[in-house]
Amino acid sequence: MRIDCPCCGSRDIREFTYKGDALALERPDPDAGDAVWNDYVHNRDNPAGPTRELWYHEMGCAAWLVVTRDTVSHEIKAVELASAAKGDVA
Amino acid sequence: MRIDGNGLIDRAKPLRFSFDGHAYDGYHGDTLASALLANDIRLVGRSFKYHRPRGIMTAGSEEPNALVTVGQGAAQDPNLRATTLELYDGLEARSQNRWPSLDWDLLALNDLAAPFFGAGFYYKTFMWPRAFWEKLYEPMIRRAAGLGALSGQANADRYEKAFAHCDLLVIGAGPAGLMAALTAARAGADVILADEDAVMGGRLNAETEEVGEEAGRDWAAGVVAELRAMDNVRLMPRTTITGAYDGGTYGALERVAMHVPNPGPAPRECFWRITARRAILAAGALERPVAFRDNDRPGIMMAGAVRAYLNRWNVAPGRSVVVFGNNDGAHRTAADLLAAGVNVAALVDARLGAATTLDVPFYAGQICGTEGRKGLEAVSIATMSGIEKVQADALAVSGGWNPSLHLACHMGGRPDWAPGIAAFVPRPGMVPGLAAAGAANGAFSTARCLAEGAGAAQAALADLGLKPGQPDIPRAEDGAYDITPLWSVPGKGRAWLDFQNDVTVKDVNLAAREAYRSVEHMKRYTTQGMAPDQGKNSNVNALAVLADATGRTIPETGTTTYRPPYVPVSIAAMGAGAQGKGFAPERFTTSHKASVAAGAPMIEAGLWYRPSYFPAPGETTWRQSCDREVGFVRGAVGICDVSTLGKIDIQGPDAGAFLDFVYTNMFSTLKVGRTRYGLMLREDGHVLDDGTTARLGENHYLMTTTTAAAGLVMRHLEFVRQGLRPDLDVQLVSVTEQWAQFAVAGPKSRELVNGLLDTPIDNEGFPFMGCGAVTLGGIDARLFRISFSGEHAYEIAVPARYGDSLFRTLKTRAEALGGGAYGMEALNVLRIEKGFITHAEIHGRTTAFDIGMQGMMSRKKDFIGKTASQRPGLMEESRERLVGLKPTGDVRQLTAGAHLFNADDPAIRENDQGYVTSVGFSPTLGHYIGLGFLKHGPERIGETIRMVDHLRGVETTCEVCNPVFFDPEGGRARG
Amino acid sequence: MAETVADSVKLIATSPCAGLLPLSIGTMTASEEPPAALTSIAAYRGQEDALSEMLKTAHGMGWPKPGRTTGKEGARALWFGQGQALLVGPAPDPGLARHAALTDQSDAWAMVRLSGAGSQAVLARLTPLDLRRGSFKRGHTARTEIAHMMGSLTRLGEEAFLILVFRSMAATLAHDLEAAMQAVAARTRL
Amino acid sequence: MRFSALKILTEGLTGNKGWKPHWRDPEPKAEYDAIVIGGGGHGLSTAYYLAKNHGLRNVAVLEKGYIGGGNVGRNTTIVRANYFLPGNSEFYSHSLKLWEGLEEDLNYNVMHSQRGLINLFHSDGQRDAFARRGNAMINQGDDAILLDRDGVREILPYLDFDNARFPIYGGLYHPRGGTARHDAVAWGYARGADQRGVDLIQNCEVTGIDIENGRVTGVQTTRGAIRAKKVGLVVAGRSSQVAAMAGMRLPIESHVLQAFVTEGLKPVIDHVISFGMGHFYISQSDKGGLVFGGDLDFYASYAQRGNLPMAEHVMEAGMALMPAIGKARVLRSWGGIMDMSPDGSPVIDATHIDGLFLNCGWCYGGFKAVPASGWCMAHLMATNTPHEHAAGFRLDRFETGRGLMDEEGTGAQHNLH
């Protein structure tokens with residue numbers, strides 16, 4: 001698999017580290033309640049299909065990326081910087 | 001038998017080789033298989049289960065029978081295909097899976113017991129008595145099974161791995177592949193052309209047909225020469241593409257130096273990772289056998305292989321040959337045999353209304369049986385008029401051709417059934433970016449192969465944004481492929497499908513009868529297709545038999561999954577570079593050489609090496625050294641390289657706010673020139689790491705992490721910075737490597753430090769937890785007054801280039817003060833004496849509450865892990881919580897990993913009270929001390945608890961105590 | 001008796017690849033670059049333009065775009081990751097600190113030059129980076145994996161590369177380079 | 001039909017004509033007492049024990065493909081009871097005891113081979129962590145022996161003891177650990193369940209779960225609606241999708257784990273060996289193939305196939321640990337889809353919907369759990385109360401933080417367990 005890093009261009013997956021669902025960017029308020037926090041820390045949509053997830057270009061430019069990828073075909077549709085994606089969320 | 005002809009062998013270069021100890025002759029250009037056939041060797045192996053005699057069946061990597069072992073000692077290389085093993089002078093090959101010899105194999109008795117050894121028989125027996133499985137049945141089965149043998153010695157050959165990138169990868173250099181590569185290369189694309197053969201050309205080298213105005217193989221050689229001369233082309237002969245992976249990545253195995261007797265430092269094999277924007281699968285097709293009674297005897301061979309041996313290697317597989325087929329290939333084979341002067345004893349065509357113009361005995365019918373135990377002697381031919389026996393020493397069979405579509409299916413796609421050729425063909429788009437062409441795509445004439453190769457290349461060029469020129473496609477054979485499917489010939493006896501695993505038509509039928517009707521069930525129950533050829537010779541036939549047995553069509557029955565690798569890949573190739581020290585990078589501190597010179601055993605700490613202890617003359621155990629080194633620190637001054645701890649430079653206007661968010665405690669309030677211990681949680685509320693962070697300037701902090709978690713923490717901090725708090729203006733840079741840092745610890749540490757500094761320090765200017773810039777001999781350095789031993793201590797950091805020099809200086813000066821260097825063992829004892837934790841305690845399951853640091857969790861701010869750490873289950877008093885342990889019983893020893901129990905309880909799981917994490921003998925206190933986790937821990941200080949270590953046979957009673965064993969008030973560090 | 005005279009301390013510098021390089025095999029040579037000041041420069045928010053200006057004024061080179069270098073032999077800026085550059089050669093102008101986090105990395109990296117015919121083939125055994133001349137040209141730089149290590153790779157010429165890995169891993173780099181150089185050289189003799 | 005040596009003999013002598021189907025191929029009924037969704041190892045063993053232990057015979061197993069087609073047929077076949085955290089310890093201990101009687105119970109040879117498992121350690125810290133584990137195993141009543149370096153060398157002389165990047169300090173030896181023939185486990189349970197009246201319905205995909213007033217009433221399938229008051233969801237690998245049909249969002253992420261097998265070789269590895277530093281484990285199948293695996297590919301996937309970097313890493317670990325296997329050739333690789341949970345341990349629990357039960361989150365430890373998982377799941381479905389050996393596998397432990405079973409200590413990141 002290869003990821004098209006916005007900084008570095010297309011790179012082998014071995015340069016990246018995976019974190020998981022991009023929902024990790026949407027950290028709840030401290031007092032959002034147990035259920036919200038449980039959802040944030042533990043529960044996942046885990047779709048068989050397109051998903052947004054976090055990768056870290058650890059062996060490259062050290063950017064955290066939001067990668068839109070299909071979990072069945074492994075096809076990658078979009079890659080953006082997590083800092084930029086975070087901007088969208090905020 | 002070698003015959004005349006102008007094949008691709010060099011008769012001017014004779015070679016000597018041996019097989020099972022007998023010497024033979026061959027020529028440069030031979031494979032082991034062609035050379036064996038030239039020497040009339042028919043029996044080359046034994047089958048897996050019934051130990052049936054077997055001979056060479058194919059001329060390619062799909063060979064199921066002719067697997068041999070080459071090499072002696074550590075070089076012993078089993079299961080090599082004689083059909084792809086290039087002959088070299090001195091090659092010594094041995095047959096496999098036979099005892100005592102290939103000719104007389106004791107386990108051939110299995111063949112007689114075959115009625116009891118049908119599909120899945122072992123699931124129904126060997127169950128009584130229970131203990132016999134491991135003791136009797138399984139060892140017996142294991143010894144009988146397996147093919148070749150490993151030497152048992154460590155690999156001593158060289159292997160390598162490499163990466164390659166291209167615009168277009170062309171897989172296979174037959175007519176389609178050559179045409180594709182040529183078309184793309186002429187248009188300027190970066191092309192890699194890979195072929196598993198040593199000589200490119202594919203079937204053109206095995207046939208007698210013409211391309212353009214010249215012999216096919218000459219045309220191929222001409223194209224190869226043109227490609228070789230182009231800068232944008234990389235030719236990779238002897239290279240098999242083994243797998244198609246996501247993102248246009250392909251695995252490939254190159255046989256680099258397996259064909260030379262003395263390769264020197266050249267690798268035996270290279271495993272390639274090829275990234276290609278587009279790929280063309282032009283891997284050709286594999287001929288399939290027909291199942292009929294006793295179709296596995298030596299001398300029975302694929303018809304296409306017979307032509308290859310005749311035309312390329314000038315070898316006749318027999319003196320009197322029967323040819324049997326259900327397509328025109330059989331006729332072509334008979335014609336080539338005649339042209340080579342070999343007697344064709346019969347041509348048998350299974351098609352209705354078949355006829356021939358060749359001057360050979362012709363039969364419209366089917367082969368229904370064979371004779372000849374260790375080599376074919378006769379075949380039985382069933383025709384409308386009855387059964388006729390014909391003497392022959394070779395039988396060429398063609399059941400049709402299966403496109404080599406494996407790679408196209410590696411991403412899980414299922415191929416389409418093409419009734420016209422009675423075969424599966426790749427469905428476009430199964431592997432993004434890969435298109436099939438030629439025989440791999442079901443195009444079975446040379447003309448169509450050339451056209452498809454050119455067409456696929458033009459399509460790829462268009463995708464790549466390159467201008468395709470008009471390809472110059474030479475004229476070639478364009479005969480129709482006329483086939484009538486024939487999978488198995490009905491009749492009694494055993495008809496083989498999977499030659500290697502000894503799976504017969506009966507086995508597939510039995511599986512279907514016993515409810516294993518899914519193709520996957522049938523495969524797994526019978527082991528059909530699971531042998532080294534991975535079903536290349538048998539899967540489609542078996543599928544057809546299963547379809548018939550279950551009353552379904554072939555497409556309804558479906559296929560099993562095609563999985564990488566296409567050909568078996570040695571672990572040494574795919575794991576090249578990792579043997580010995582190569583598995584992971586080694587990290588050396590600047591003091592490494594000096595430590596080794598001082599005799600310190602170096603131990604692994606993550607990727608780093610650190611000294612275990614520094615033995616002094618006369619010391620015979622590590623404990624003696626450790627005790628002495630602890631004494632250095634408690635009594636004088638000790639030196640320890642602490643450079644392996646992670647160091648992260650944190651700068652920016654929001655650096656303080658950032659640290660407040662990642663640590664449980666406050667850092668924005670830390671004064672410049674001060675250092676503070678910090679605790680970091682994961683978002684799930686458990687401890688991630690700890691360490692000290694210094695404030696070097698208003699907007700400048702320096703964080704330290706543990707050695708083990710340095711990378712993890714950096715990743716975490718970057719995530720927080722980029723992903724959670726992009727609002728904060730802060731920058732992170734690892735400076736672990738920039739600074740060599742040494743602990744100088746003990747009552748005489750300031751004396752030692754002041755001996756080095758250009759400007760001495762004192763307690764007021766440099767109090768406990770102070771930090772600042774200093775100079776040593778004019779060199780800028782950093783000094784931190786921090787302590788992991790509880791003593792008055794410093795850590796001094798210099799640019800790494802001076803690390804070696806500074807360590808030697810510190811060590812010498814410490815020795816002059818009655819101290820010296822100390823290693824990890826002493827460091828560990830010192831920290832346990834002080835109750836300081838490491839990852840033995842913060843092992844990922846502990847909370848701040850568990851380690852008694854709940855007070856460090858600020859109530860005034862949010863921080864990573866705060867909310868989750870307050871889950872009720874993580875706050876319960878009954879949790880296993882940190883305590884100190886002192887042995888009080890007769891056994892004055894503690895062991896890490898022991899469990900804790902109440903004094904009178906049996907040591908069973910239900911009574912478990914906790915466990916011991918760290919222990920050491922404290923020379924300071926004169927007894928063992930330990931840290932552990934105990935239910936309700938801190939509430940039980942003063943209680944007696946039982947420690948049980950079943951594994952080491954140690955059991956003792958302990959006093960539960962405060963984890964800080966030494967100087968609990970902390971006066972020594974401050975003084 | 002302990003030394004107390006501070007100026008008696010004479011620390012001796014050791015380079016990361018001391019005792020490991022140079023190494024010549026076949027047509028290829030790996031050698032350690034002479035020591036140079038290395039400064040990590042990471043721009044603060046909104047300061048990129050001002051930083052680039054000052055870099056030009058003070059050091060005569062612009063802020064490198066991703067994957068590119070600026071400057072020339074002896075005074076170069078390598079793009080060094082998202083929002084980061086590595087200034088190689090000159091001591092950084094202190095004024096840069098107004099716009100960026102400056103971090104001395106002079107001792108943090110082993111700097112190796114690999115040159116001679118076959119160098120690209122050697123690197124193809126160590127890094128997944130696309131090294132083809134059309135993709136990775138002279139003056140291009142990349143942060144990438146080199147023999148399982150985080151590293152930086154820059155093409156200096158047709159068959160000349162600058163390789164940076166962590167100082168502590170210099171021995172691993174030297175070892176892996178040697179193995180790859182041997183294999184590449186041996187292939188030419190097959 | 002009972003299998004025996006005599007049966008094989010008589011069949012062999014009479015042309016093997018008397019063998020009967022191992023299970024029926026029934027049409028689904030309109031209603032069952034209980035439905036198990038998922039015809040993998042866990043689903044089949046659940047159905048088997050529902051029938052055998054609890055007398056429920058009007059039971060169906062609904063399988064969208066073929067039985068045993070999931071992870072029970074794509075794993076590295078290791079059977080062990082070497083967990084150390086409460087909740088896991090008693091469960092896997094129970095499972096191993098069931099394994100030890102499985103062939104007799106099922107009258108099907110699953111080739112359970114207690115050849116011994118050795119977990120190697122490479123530092124003092126790892127040794128102490130393994131000591132904690134080994135002591136916990138003995139506290140549980142299972143077996144464990146702490147070997148030093150020489151002890152390991154004695155039984156595994158072909159490992160690299162002299163030049164390895166991470167030297168072998170010793171190993172935790174679990175003599176009762178071993179392997180089993182993975183497919184046979186599914187088939188044996190299938191045959192046993194079928195013999196007890198369970199309907200095994202293949203090619204029957206569940207497309208909806210019917211819930212009325214907080215109670216489950218049945219399922220919708222590609223072969224029609226089927227009513228049942230009890231439904232067990234036993235579909236590791238697809239848990240999130242099926243649970244979503246009941247409106248549930250699970251603490252599960254799906255990841256691919258690759259495994260590999262080499263060509264057949266004469267016996268060379270007699271044990272199961274696990275190399276802690278390299279995430280590598282290996283054994284040799286009875287047919288002679290070296291069967292081995294490593295870590296997850298690390299990214300969420302439903303693709304049942306892996307990528308090269310992890311495959312290479314596994315081979316590299318193999319070469320680092322046992323360079324004597326270098327010339328073994330990898331024949332086939334495959335990928336299984338793992339239900340990764342936040343603490344690396346599974347869930348066997350009732351849900352907030354009456355009659356709907358959940359069995360998921362096996363991470364990559366599911367194969368050895370097959371007997372006890374079915375045993376405990378059947379108990380839960382039949383009695384509505386958790387079995388004592390699976391009482392720790394609660395779904396709410398993540399929300400409460402109570403009884404987390406994080407054996408790896410890597411925390412709530414699913415792919416790190």
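In this predicted model, residues 1-6 of chain C keep a pLDDT under 50, pLDDT being the predictor's confidence in each residue on a scale from 0 to 100. The model has 14 contacts beyond four places in sequence for residues 1-6 of chain C, where a contact requires C-beta atoms, placed from the backbone, to lie within 7 Å. Where pLDDT is low, the predicted coordinates should not be read in detail. For chain C as a whole, the average pLDDT is 94, and 96% of the residues score at least 70. Because the model is predicted, local features need pLDDT of at least 70 and side-chain atom pairs count only at pLDDT 80 or more, whereas totals for chains, interfaces and linings use all residues. Residues are numbered from 1 along each chain as its sequence is written, with chains lettered from A and ligands numbered from 1 in the order in which they are written.

Turning to the fold, chain C has 3 helices and 11 strands, taken as DSSP runs numbered from the N terminus (helices H or I, at least four residues; strands E, at least two). Their order from the N terminus is β-β-β-α-β-β-β-β-β-α-β-β-β-α. The C-alpha trace of chain C spans about 60 × 60 × 25 Å along its principal axes. Of its 190 residues, 55% are buried, that is, 20 or more other C-beta atoms lie within 10 Å of the residue's own, with C-beta atoms placed from the backbone. Among contacts in chain C with a separation of 6 or more, 60% join residues 24 or more positions apart.

Five strands of chain C form an open antiparallel sheet in the order β4-β5-β6-β3-β7; strands pair if DSSP finds at least two bridges between them. At the edges stand β4 (69-72) and β7 (100-104) of chain C, each with a single partner strand, so one side of each has no neighbour in the sheet. Neighbouring strands of this sheet are turned by 20° against each other on average, direction ignored, the axes being lines fitted to C-alpha atoms. The antiparallel pairing of β4(C) with β5(C) (residues 75-81) runs over 4 bridges, and C:Lys72 has C:Ala75 in β5(C) as its bridge partner.

Chain C also meets chain B, in a contact that takes 43 residues from chain C and 54 residues from chain B. Elements giving two or more residues to the chain B side include β8 (159-171), β15 (269-281) and α19 (803-816) of chain B.

Definitions and conventions: Two residues are in contact if their C-beta atoms, placed from the backbone, lie within 7 Å. A residue is buried if 20 or more other C-beta atoms lie within 10 Å of its own, exposed if 12 or fewer, and partly exposed in between; C-beta atoms are placed from the backbone. Axes are lines fitted to C-alpha atoms, for helices over the stretch in contact, and angles run from 0 to 180 degrees between N-to-C directions.
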